Amino acid sequence: MKKIILASALAIGLAGVGIASAQDHGGQHRGGAERIMRADANGDGRVTKEEIRAQRATGFDRMDVNKDGFLTPEDRANAGDGADAQRGQRGADRREQLDRDGDGKISRAEFVDRDTAMFDRVDANKDGAIDRAELQAAHAARRGKADKGE
C-alpha cells in the first residue's frame, strides 16, 4: 500500500531541496535549481528554510485533493496525472521516507517539516539561505562525483 502513496509527494519534495534532479542545459542551471528558486517569496535572490516550508505547504494543499490533511492513495488516484507509473521504485522509496510514522499516509507536518539536511549541505556559507551560486556549486560538485563514478 505504501508503494502507491502519492508520487506527487516526490515531485514536490524534490522541489524543496531538489539539487540532485537539476540538469545543466546550455550552460544554465535549471530543473531542481529553478524549482528551488521559485520558493524565493520575497524576491531577494535567496531561498530560506521558511520559504522552502511555505512552498511545501502550498504543494501539499494542492495535492491533498480531498482536503483531509493527508496525502493518500486516493488523492493520487484523483489527481489523474499518471505520475505514479513514471516514478517507479525511487518514488515509492521517497514516499516511504516522507511517511515517518509508517501509517501509510503523509500528514501535512510530515511533508512540510521534513528534514532539511540537503538544504544545510548546499548552504555553503551557512547564512541560512541558498542562492543560485550555491545551487550551481552543489550541482557541479554532485555532477563531478557522478562523472567519477562515486
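# Side-chain pairs in a predicted model

Glu-34 has a relative accessible area of 28% and is therefore partly exposed (buried means under 20%, exposed over 50% and partly exposed in between, using a 1.4 Å probe and protein chains only). The model is predicted, so local features need pLDDT of at least 70 and side-chain atom pairs count only at pLDDT 80 or more, while totals for chains, interfaces and linings use all residues. Residues are numbered from 1 along each chain as its sequence is written, and side-chain values use heavy atoms, with hydrogens and water left out.

## Salt bridges

A search of the whole structure gives 5 salt bridges (a side-chain nitrogen of Lys or Arg within 4 Å of a carboxyl oxygen of Asp or Glu). Glu-34 takes part in one of them: its partner is Arg-132, and their closest N and O atoms are 2.9 Å apart. Because Arg-132 belongs to helix α8 (residues 132-147) and Glu-34 to helix α2 (residues 32-37), this pair ties together parts that are 98 residues apart in sequence. Helices here are DSSP runs (H or I, at least four residues), numbered from the N terminus.

A salt bridge also joins Arg-108 to Asp-61, with 3.0 Å from N to O. Arg-108 is in helix α6 and Asp-61 in helix α3, so parts that are 47 residues apart in sequence are tied together by this pair.

Between Asp-44 and Arg-46 there is a salt bridge whose closest N and O atoms are 3.9 Å apart.

| Residue | Relative accessibility | Class |
|---|---|---|
| Arg-132 | 39% | partly exposed |
| Asp-44 | 41% | partly exposed |
| Arg-46 | 30% | partly exposed |
| Arg-108 | 35% | partly exposed |
| Asp-61 | 35% | partly exposed |

## Aromatic rings

A pair of aromatic rings is described by the distance of the centres and the angle of the planes. The structure has 1 aromatic pair. It consists of Phe-60 and Phe-111, whose ring centres are 5.8 Å apart and whose planes stand at 50°, so the pair is tilted. Rings of Phe, Tyr and Trp (its six-membered ring) pair if their centres lie within 6.5 Å; planes under 30 degrees apart are stacked, over 60 edge-to-face and the rest tilted. Since Phe-60 lies in helix α3 (residues 49-63) and Phe-111 in helix α6 (residues 108-112), the pair ties together parts that are 51 residues apart in sequence. Phe-60 and Phe-111 are both buried.

Phe-111 has a charge over its ring as well: the charged end of Arg-114 is 4.6 Å from the ring centre (NZ of Lys or CZ of Arg must be within 6 Å of the ring centre and within 35 degrees of the ring normal).

## Glu-134

Glu-134 is part of helix α8. Its relative accessibility is 9%, so this residue counts as buried. Apart from neighbours within four places in sequence, Glu-134 is in contact with Val-122, Asp-123, Ala-124, Asn-125 and Ala-129 (contact means heavy atoms within 4.5 Å). At Asn-125, the side chain of Glu-134 reaches the backbone nitrogen at 3.2 Å. Glu-134 and Ala-33 are 101 residues apart in sequence, yet their C-alpha atoms are 9.8 Å apart in space.

Note on methods. Helices (H or I, at least four residues) and strands (E, at least two) are DSSP runs, numbered from the N terminus. A polar contact is a pair of N or O atoms within 3.5 Å; within protein, one must be able to donate a hydrogen and the other to accept it, and residues adjacent in sequence count only if both atoms are side-chain atoms.
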